[in-house]
Amino acid sequence: MYRRNIKHILGPLAVLIAIFIFYQSWLKPQYFHETPAPPPQVISDEKSSASTGPVAPPPQPVVPEIKRSRTIDPVSIPVPRHSELLGAIHEELEKHNIALAEAKLQELPASILSESATKRHVAILWNNLGILQENNGGTEISVKAFKKAVALDPQNPVAHLNLAHAYWGLRDPALTEEFLRKVLTLSPDEPFPHVALADLLQEKDHLSEAGKHLAQAKERLKKDPGLQSYVKAVTAKVHRTEKVEEKFSTHNSVHFTVKYDGSEDPETWTAVLDILEEAYREIGQKFNFFPSKPIMVVLHTKNQFQGATGSPIWADGLFDPVLGRIQIPTQGAATDRAWLTRVLRHEFVHALIHEELGATGGAIPTWLNEGLAMQLASDSWQDVGNIPAGDNSLVPLAALEGSWENLPAEKVGVAYMEANAATHYLIERFGMHKVQEVLVHLKARQTIAAAMQDRLLLSYENFQHQWAESLGATVPSPKS
Ligand SMILES: [Zn+2]
């Protein structure tokens, strides 16, 4: 029998890499929260003096959810050699065989990476692997692939943009000014690097430079309504803040920067720094998380607080995640120390949670965010389980996950009490370590139900029932 020796003839490698478009959405959560217990002197209507309960969170001025698309343009780089190897990886990627493609990329012999054309090609493969991984398992997984792509091709604009997006999503400290300036150079028409750079500058309190980058981002925004409204809202906020704080003075402690109207009584800002440094040690240890960079605290005079921060007259303080700062109203020497301590500790916990969860922190249910703030700040006004007597039916936690701003006023006090009680039960029963594990899952954009099932081996529903039972209460079954 004659057998023709068929040589497998490979056609030229298809170097057109498929266009991957994917959307990454990230949230810049808005924690415009008051502290749970507004002091009687803030509101003097009969309702508030009758109850020490909390009041409704201020309306959220912006919901800057950004949806970004990243397109990889078809790239054509002639690859004279190794086409078989690379072509095989390309095929696996086309078939979405992520693990196999990654294994093959890892196994590529170092020798073939000595050619620059091949290196550039392999960088594209890593980049595209990253996109598949991102869609499949999230940014924490994809970031490594984008790093590889950037390392292999330090001039690839798309890979740099993708890595910048990934860093942003993870709030990775590798998203430095230097890195972003390089991304800007490589992709001069993209708005995103300007937005990210503005964000870094805002947090460093370089507001006027941040404003310039926001303006440049604006010029580059065309078909991106999500980013457009975010930039618009942030721009307004940056300009307002810059104006308000123009003549403010700053003082630093090790982990905090306090910024205040120059006429502020020195006793107040030293007290603020003392309280916060103590909170840093004590709460950081309890929560097992320490912020990586100094947190800014802005002291406003009582009269200016509302106008400066856009918060309602009754708000006691807030953590603003867009500018990354705690803002509180003070009254100079007349500032009540106990009140100051309570507000600062509460907002400090929000700042911690914000940093830990990063840009995706919107995923944390409000009841857990507020509950942790109350539990960790050791706020004394709440008696755990202090659910109104005679009312044994709790509001389901699922109804307390989103913004509380539309809750009817009479429900807000209950919401805080339930948040506090449920979080207390969670910590007592499972320990802070497990709570942290749940947060890690939330950070990876899992739902609270999935995170609980995974880390506590308990369904969200059962958690709720067992917690309600511990209070001698019930939770109505969800009507569907
Ligand atoms: Zn709060």
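This is a predicted model: local features need pLDDT of at least 70, side-chain atom pairs count only at pLDDT 80 or more; totals for chains, interfaces and linings use all residues.
Two strands count as paired here if DSSP finds at least two bridges between them.

Strand β5 covers residues 295-301, and six of its seven residues are buried, so the rest of the structure largely encloses it. On one side we can look at β4 (residues 256-261), which pairs with β5 in the parallel sense over five bridges. Within that pairing, lysine 259 has valine 298 of β5 as its bridge partner. Getting from β4 to β5 involves helix α11 (residues 266-287), and the three elements together form a left-handed β-α-β unit. β5 also pairs with β7 (residues 325-330), again in the parallel sense, over six bridges. There, leucine 299 sits opposite isoleucine 328 of β7.

Next up is helix α15, residues 409-443. It has 35 residues, yet its end C-alpha atoms are only 30 Å apart, while a straight helix at 1.5 Å a residue would reach 51 Å.

Now for some backbone angles. Most residues other than glycine have a negative phi. Arginine 445 has 19 C-beta neighbours inside 10 Å, so it counts as partly exposed; being buried would take 20 or more. Arginine 171 also has a positive phi, about 50 degrees, and lies in the loop between α6 (157-170) and α7 (177-186). With 18 other C-beta atoms within 10 Å, arginine 171 is partly exposed.

Notes:
Residues are numbered from 1 along each chain as its sequence is written. A residue is buried if 20 or more other C-beta atoms lie within 10 Å of its own, exposed if 12 or fewer, and partly exposed in between; C-beta atoms are placed from the backbone. Helices (H or I, at least four residues) and strands (E, at least two) are DSSP runs, numbered from the N terminus. A crossover is right-handed if, with the strands pointing away from the viewer, the path from the first strand over the helix to the second runs clockwise. The expected span of a helix is 1.5 Å times one less than its number of residues.
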